[in-house]
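Trainee: I am new to this one. Please walk me through it, starting with the terms.

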Amino acid sequence: MTQRKSELGFDTLAVRAGQVRTSEGEQSEPIFPTSSFVFESARQAAARFSGDEAGNIYSRFTNPTVRTFEERLAALESVECCVATASGMAAILTTCMGLLKSGDHIVCSESVFGTTVVLFETLLSRFGLKTTFVPLTDMQAWSEAVRRDTRLLFLETPSNPLTEVADIRQLADLAHDNGALLVVDNCLCTPALQRPVELGADLIIHSATKYLDGQGRCVGGAVLGSRDLVGGDLFGFLRSAGPTMSPFNAWVFLKGLETLSLRMKAHSANALALARWLEEQPAVRRVYYPGLKTHPQHELASRQQSDFGGIVAFDVAGGRDSAWRIVDSTRLLSITANLGDVKSTITHPATTTHGRMRPEARESAGIGEGLLRVAVGMEDVKDLQADLEHGLEQLSGA
Ligand SMILES: *Cc1c(COP(=O)(O)O)cnc(C)c1O
């Protein structure tokens, strides 16, 4: 949990921000695998614990490697404060537990990560938090869902897997007119492509597991925002409840941030090429990618994001049988639910990532049985096309 404001450019911050060299003069950031820190005296121990003196105490809430990651990500999102967490879900949990109380109300997009729906609807509801789900791009539904006890508006843009894009500025105005906070899960764009706080959002959620790592190695997350919002009760929840990022994982994510902007450019270029190719395939009914002119929010995405990201979804005729046949015909794409990796992955959302949603909620969020999601990695696009062609040819031949 630390502060960062800088005049340096994004790519400079991505490789430099937050590093504090030790007396060893290391070039690469060190890992501090230590659970606690030693004080010089009883007086210093007391001062650290009371907060009179800043400094390390215990790695549940103060660790130098984790702090370097927090500072670097805060610099990239151009916010004051970041709290790193054990996972993306822990970041969302920490936000709710840190800032809300029983009886508070959340308005949430229907098109959020499936586990986020489960967290709000099944777990947090047991502790008196109420959630209303609304279609991501329906401004009127958002306005109508806001009540006097609404504290948070929560969304992902672009959404996963359908890549719908919401207007962050408009939703921030709605939240602020009603005394609520706007929370944006910025997982799919990362700060390399979109900086929600610059568009009016109050809090940013990350699953560092995805593009921040970028090579499918570690699970982690983060919450970012102003010092007031993130450095107070929210950090207090992390300190007392302990959904903490490990120093080793923080180090892996730091290395990931160093190549983030290069990777996001490559993911975006590959995804656009694959999306355009999919549009030409006879067995494909519809392609979802914000970089396509046919995407309903293409204009908004072009304004709000600096590129369109690595997630492409498409619908095939014939429902689950056809979709599964394409998945099972691949040789190169990994059949796994993760995204944000240099290795491309393919998923059937209705039976995996979104399988725990109630079927009506899934339908209403537009996740059909014929829908497939590809998280486009960094292989040669021609090889990805050839891999999808095995299954697609069987469908058009049938
Ligand atoms: C994966 C994901 C999460 C959850 O993150 P974990 O690190 O898996 O806990 C939250 N939001 C989005 C958009 C995700 O893709």
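Mentor: A polar contact is a pair of N or O atoms within 3.5 Å; within protein, one must be able to donate a hydrogen and the other to accept it, and residues adjacent in sequence count only if both atoms are side-chain atoms. The model is predicted, so local features need pLDDT of at least 70 and side-chain atom pairs pLDDT 80 or more, while totals for chains, interfaces and linings use all residues. Numbering runs from 1 along each chain as its sequence is written, and side-chain values use heavy atoms, without hydrogens or water.

Trainee: How far is the polar side-chain atom of Ser-207 from an oxygen atom of the ligand?

Mentor: The distance is 2.9 Å. For Thr-209, a polar side-chain atom is 2.6 Å from a ligand oxygen. Gly-88 uses a backbone N or O atom instead, at 2.9 Å from an oxygen of the ligand.

Trainee: And how much of the ligand does the protein cover?

Mentor: It covers 92% of the 380 Å² of accessible area that the ligand has on its own (Shrake-Rupley method, 1.4 Å probe). The residues around the ligand (a heavy atom within 4 Å) include Phe-113, Glu-156, Asp-185 and Lys-210.

Trainee: New topic. Where is Asp-167 found?

Mentor: Asp-167 is in the loop between strand S4 (150-156) and helix H7 (168-177). Helices (H or I, at least four residues) and strands (E, at least two) are DSSP runs, numbered from the N terminus.

Trainee: What does the side chain of Asp-167 have by way of polar atoms close to Gln-170?

Mentor: One of its polar atoms lies 3.2 Å from the backbone nitrogen of Gln-170.

Trainee: How many salt bridges are there in the whole structure?

Mentor: The search finds 13. One of them joins Asp-383 and Lys-382, with the closest N and O atoms 3.0 Å apart. Lys-382 counts as exposed because its relative accessibility is 57%, whereas Asp-383, at 31%, is partly exposed.

Conventions. A salt bridge is a side-chain nitrogen of Lys or Arg within 4 Å of a carboxyl oxygen of Asp or Glu. Buried means under 20% relative accessible area, exposed over 50%, partly exposed in between (1.4 Å probe, protein chains only).
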